[in-house]
Amino acid sequence: MVVPSLQCMDSLSSDELKANGSEVVASSAGRGKSPKSEGKEEGPGGGKREKEKEKEKEKAKKGGEPECCSPRPPGTQRRCSARIQTKQRAEKELLVRRRVELLDNGDGVTSTGKRRNVGGRGKSGGESAGKEGPEVEESEVEAVGGAEIVGISVEPASAGSGVQRESQVAAGGDNVAPMVEKSDFAKVKETLRLFNKHYLHFVQEEEKRCNKEKAENSKGSQKPKSKSKSKEQQKGSKQSKTNSKKGNSTGDTKKLAMRPDLKAITKMLETNGVLHPKKRFGNIPGINVGHQFYSRAEMVVVGFHSHWLNGIDYMGQAYRKEYSNYTFPVAVAIVLSGMYEDDQDNADDVVYTGQGGHNLTGDKRQIRDQVLERGNLALKNCIDQNVPVRVIRGHESRTSYCGKVYTYDGLYKVVTYWAEKGISGYTVFKFRLRRMPGQPMLTTNQVQFVYGRVPNSVSEIRGLVCKDITGGEEAIPIPATNLVDDPPVPPSGFTYIKTIQVSKNIILPAASTGCKCRGGCIDPRICLCATLNGSDFPYVQRDGGRLIEAKDVVYECGPNCGCGPDCVNRVSQRGIKYRLEVFRAPRKGWAVRSWDFIPSGAPVCEYIGILNRAEDMDNASENNFIFDIDCLQTMRGLGGRERRSRDASSETVDHMGKHDDQKSEIPEYCIDAGSVGNIARFINHSCEPNLFVQCVLSSHQDIKLARVVLFAADNIPPLQELTYDYGYALDSVFGPDGKVKRMPCYCGAADCRKRLF
């Protein structure tokens with residue numbers, strides 16, 4: 001938990017807020033907070049629950065506390081500073097209130113049949129929860145790289161089944177507290193995070209397959225070739241070649257596809273993870289004009305365009321019952337990606353070449369006549385029925401794994417169509433589309449994708465107040481800009497450092513033994529560090545190293561390991577690799593953004609400062625840059641913290657911490673970035689962040705002294721502010737006078753809780 005760089009926010013006491021008539025009610029969106037039920041329970045067992053509630057309330061009045069938070073036996077209690085005592089008191093009061101609230105709810109959860117989610121992941125209810133499963137219309141089977149992609153064009157019998165999916169993927173979570181309905185934007189983000197997690201899992205499978213083949217080829221080249229083969233060996237060899245030519249694949253080959261994005265789509269379909277599996281006319285909730293997709297697969301999983309390859313998405317005959325006044329098929333979306341030689345794109349006015357007869361090898365040539373059917377007929381029917389279509393433009397981009405970025409440019413009307421001989425001499429259908437008025441300005445133009453105005457050099461920056469706040473400490477300079485203050489001033493009052501400083505009264509644990517791998521860790525079955533991570537590596541090598549999903553703790557290779565600095569299990573140790581900028585933001589103080597695209601799972605920076613004992617921070621009430629190393633507390637769900645999914649690394653830490661249960665109520669150590677620190681001290685809070693906090697152990701295995709690293713939770717486009725959730729429970733911060741402190745939140749997120757604490 002951290003209180004960094006909101007210098008321009010003033011803390012407001014509850015009395016001040018009441019006086020101003022702007023007191024904010026504690027939201028149930030706060031971490032672990034659930035609304036208290038009003039009125040008494042009725043029905044069997046209600047009297048018993050009332051007695052239990054009365055006992056809890058009486059206990060709270062007398063200053064008692066739940067059994068799990070009982071004080072240590074005399075003589076074993078650790079000394080606590082005033083700051084820690086205040087934090088303890090707040091957490092105990094929250095815990096008592098929470099237990100009373102649970103008693104208020106009583107056995108209602110059980111009686112209504114609400115089940116605890118399997119696998120430790122929460123679910124968010126959808127608009128049609130409990131309705132029938134999908135039915136297939138024009139079911140297609142695509143074989144790509146040995147993987148069968150079945151039912152990409154699935155048409156379900158009910159919309160919203162995909163809304164019931166894993167929640168808080170990047171941050172994990174297995175609590176079952178009542179959840180506030182998320183906004184459409186949050187649902188889109190959540191779905192894409194789940195897709196990215198599946199995608200990276202399949203990337204890891206592909207990397208394993210490649211490493212295995214490389215190792216086998218290396219061994220094969222060292223063995224002497226046999227001069228003769230048995231008849232059975234020759235027969236097997238011929239059969240293998242025949243299968244290879246036919247494209248047949250069996251066993252592991254089918255599972256290890258070369259297209260992890262398509263396998264991720266299949267996984268999302270199998271688990272009802274698609275956000276809008278039923279096709280829709282018009283705009284999709286949560287996706288505004290200008291939204292960027294980093295692959296066609298992302299469009300599929302949010303229900304924006306239901307096919308990863310076809311340019312025209314349309315509703316088929318299965319929709320006749322629901323839309324009885326329409327003639328089907330009817331188009332709902334098209335992708336302009338320059339794949340047809342006859343396309344003409346003039347921004348607001350588009351001439352779109354129909355579907356079919358196209359050479360799929362990539363040379364854009366027509367090889368046969370097009371026919372007025374399927375997608376072409378769907379676009380023609382849009383003219384007759386005045387149905388607009390969503391237009392997505394694809395452009396070359398080095399930041400996307402598929403080589404393109406796709407931008408939603410709004411709704412277009414199909415105004416006319418005709419057939420003509422194309423450039424290659426074959427008949428093609430042409431459709432003229434015109435952009436509907438009253439929409440936001442286009443964010444793409446014809447053949448060039450532009451997102452913001454990323455400077456090419458420091459000399460191009462407006463409002464520059466410091467060329468490099470690191471003073472040369474980092475390999476990549478970090479400039480600071482200020483277009484808010486008059487006169488503009490640079491960040492001040494701190495010294496930039498790039499490595500943790502340790503207080504004199506702290507002795508770091510001895511370095512752990514480490515693995516015996518050589519060069520780089522490849523085989524997780526023999527790597528000791530991979531064993532600690534659940535017998536697999538937490539990262540993939542793609543894009544310089546990406547974390548597959550958030551974990552309780554990540555065990556990286558350390559100083560005693562035999563591998564080198566380029567090992568896949570040392571990703572967070574390589575320092576800052578993106579061009580970052582500190583800028584002044586209205587109402588929020590200093591903030592951070594990147595000039596580069598940051599892929600999900602990529603490490604951004606470590607939280608750097610002075611490593612202190614939490615009990616020594618007596619006079620730190622006004623220090624807004626203290627980060628408590630509360631990894632162990634988060635793992636155990638203490639103090640209202642949201643727990644992450646359980647894995648093998650969690651069991652390891654649980655075993656390590658059994659002897660220390662009494663000390664785990666509050667963090668023992670913290671990082672103070674008040675006077676010295678790095679770029680992380682300037683990163684602001686958001687209720688819908690694009691970064692998440694990950695505890696990492698590399699040089700030792702003491703979870704209480706873990707490194708705190710910030711990773712990308714989403715694919716982050718250039719110039720988007722970098723944020724993470726500070727994780728405060730509402731009404732958990734007290735001032736020196738014992739009153740609850742309140743700080744408003746200005747993150748601007750659709751699901752903003754309105755208060756930081």
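This is a predicted model: local features need pLDDT of at least 70, side-chain atom pairs count only at pLDDT 80 or more; totals for chains, interfaces and linings use all residues.

Modeller: The count comes to 27 salt bridges, each a side-chain nitrogen of Lys or Arg within 4 Å of a carboxyl oxygen of Asp or Glu. Residues are numbered from 1 along each chain as its sequence is written, and side-chain values use heavy atoms, leaving out hydrogens and water.

Take Lys189 and Asp714. Their closest N and O atoms are 4.0 Å apart. Lys189 lies in helix H5 (residues 184–222) and Asp714 in the loop between strands S32 (707–712) and S33 (723–724), so the pair ties together parts 525 residues apart in sequence. Helices (H or I, at least four residues) and strands (E, at least two) are DSSP runs, numbered from the N terminus. Asp714 is buried, at 11% relative accessible area. Lys189 is partly exposed, at 25%. Buried means under 20%, exposed over 50%, partly exposed in between (1.4 Å probe, protein chains only).

Next, Asp485 pairs with Arg584 at 3.2 Å. Asp485 sits in the loop between strands S17 (480–481) and S18 (495–496), and Arg584 in strand S23 (residues 580–585), so this bridge links parts 99 residues apart in sequence. Asp485 is partly exposed, at 23%. Shared partners also join Lys189, Arg193 and Asp714 into one network.

Asp409 and Arg393 form another bridge, at 3.0 Å, N to O. Both Asp409 and Arg393 are buried.
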